[in-house]
Amino acid sequence: MHGVSLTRVILHGFSDASKLAVSIAAYAVTTYIAAPVQQRLLVAKSRIAPKDQSIPRLELVAAHTLSRLMHHVKEVLKGERVEEYHCWVDSTTVLYWIKGQGTWSQFVRNRTKAIQDKEYLQWHHVPTADNPSDQGSRGMAPSKMGELWFRGPEWLRTQEEWPDQPEVTENSENRKERIKPKHEKQLLVKVKEETNETRDTLLSKYASYWKLLRVTVFLKRFIHNCRNHKKYKGPLMTEELHAAEKFWIIQGQATVSRADVGLKKDEEGILRCVGRVPHYHPVFLPRNSKQLASLIVQQVHEQMLHGGVSITMCRMREKYWIPKLRSLAKTVIHNCNVCKRYLKKPI
Ligand SMILES: [Zn+2]
């Protein structure tokens, strides 16, 4: 390949929250032999902040969302030369929670644990003025965002210039979330949380299958553009979307044992059902790929103009085979916000 000059990639994530919005952004710093270091925005996301939460809690929500985005990026860039994953927040309270010990309210505990589980993430403090996500959480229009937004802080590329780290200690803000240990009750809660945690896959933060595919394409483009002179730019192409789709389907099928009867890998490595019906070989999606399956069902349901269970299932089966599809389709349609809001059946 031509791109042999790429030596390494370091990823940096930033998060911030205001009462208005939660905002995160990830940057890649790429080092080449005999070429200037490059830094650029990889992915950014902003969403409306959950209501009635304190600022430290919102900051924690932002950091948690960032940890999941970084995990997603890590999955997609698997096998690439990403050497380090750094996360930057401007809240010392959040850093205290992430680094500290102690017993915190369930809200703090759940998110902190999920963050700590991703051990490869290194957390740091960033002054607010240097936090690009601060612009996102204040709701600034993209056109008004400058260099900081598109490239991240100038100092990212030189570790010696990284900001000094403040001492992270207990203070009145983070202490508010401290609870007195109630042993028995806590133990029960803990068991429940852990089972939730395993179900909480990285897919769940994407509101739609389309968004998931789009972000995946951008990440794949980034890898490609790092290595090749011919750069991908402009609108997404069908082949790129197809490749992203294939990537997620293969991930979703990872747990399926090869010995499963009636399944066969096609030339692209995708497991398909081979039944008695000639020329009908739908893509198999196991039940434990539920998040992916739900996203696809939701997509099809929308394509069918928010059609009911039967029509959604019919369309699904043209391409996919999912065990217990009916109950999944029911759940997805039941939870569809558009249907809830506009399509309530008259009595
Ligand atoms: Zn709907």
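Colleague: Which handedness does the crossing have where H1 passes H2?
Modeller: Keep in mind that we're looking at a predicted model. H1 covers residues 55-76 and H2 covers residues 92-99. Where H1 passes H2, the crossing is right-handed.

Colleague: Are H1 and H2 roughly parallel, roughly perpendicular or oblique to each other?
Modeller: Their axes sit 9 Å apart, and the packing angle is about 60°. Roughly parallel would need an angle under 35 degrees, and roughly perpendicular runs from 65 to 115.

Colleague: Which residues of H2 are buried?
Modeller: Have a look at what covers them: H1, strand S4 (82-89), helix H3 (106-117), strand S5 (121-125) and helix H6 (172-175) are included. Under that cover, the buried residues of H2 are Thr93, Val94, Leu95, Trp97 and Ile98.

Colleague: Where does the largest share of the largest nonpolar core come from?
Modeller: That core has 43 residues, and those with the most contacts inside it include Leu11, Met70 and Val73. Nonpolar side chains tend to be buried together in soluble globular proteins. The largest share of this core is ten residues, and they come from H1.

Colleague: How many residues does the other core have, the one lying apart?
Modeller: Ile249, Ala293, Leu295 and Val332 are among its members.

Colleague: What does leucine 11 touch, leaving aside its neighbours within four places in sequence?
Modeller: Leu11 is one of the residues with the most contacts inside the largest core. With those sequence neighbours set aside, its partners are Ala26, Ala28, Met70, Val73, Val82 and Tyr85.

Colleague: Why are H11 and H12 called oblique?
Modeller: H11 spans residues 309-319, H12 spans residues 325-334, and their axes are 10 Å apart. Roughly perpendicular stops at 115 degrees, and roughly antiparallel means over 145. H11 and H12 are therefore oblique, given their angle of about 120°.

Colleague: How many charged residues are in the contact of H11 with H12?
Modeller: Val309, Thr312, Met313 and Met316 in H11 meet Leu325, Arg326, Ala329, Lys330 and Ile333 in H12. By class, that contact has six nonpolar residues and one polar, while the charged ones number two.

Notes
Residues numbered from 1 in each chain as written. Predicted model: local features only at pLDDT ≥ 70, side-chain atom pairs only at ≥ 80, totals over all residues. Axes fitted to C-alpha atoms, helices over the stretch in contact; angles between N-to-C directions. Helix = DSSP H or I, 4+ residues; strand = E, 2+ residues; numbered from the N terminus. Left-handed = near helix turned anticlockwise from the far one by under 90°. Core = buried A, V, L, I, M, F, W, Y, C linked by C-beta atoms within 7 Å. Buried ≥ 20, exposed ≤ 12 C-beta atoms within 10 Å, placed from the backbone. Contact = placed C-beta atoms within 7 Å. Nonpolar A, V, L, I, M, F, W, Y, C, P; charged D, E, K, R; others polar.
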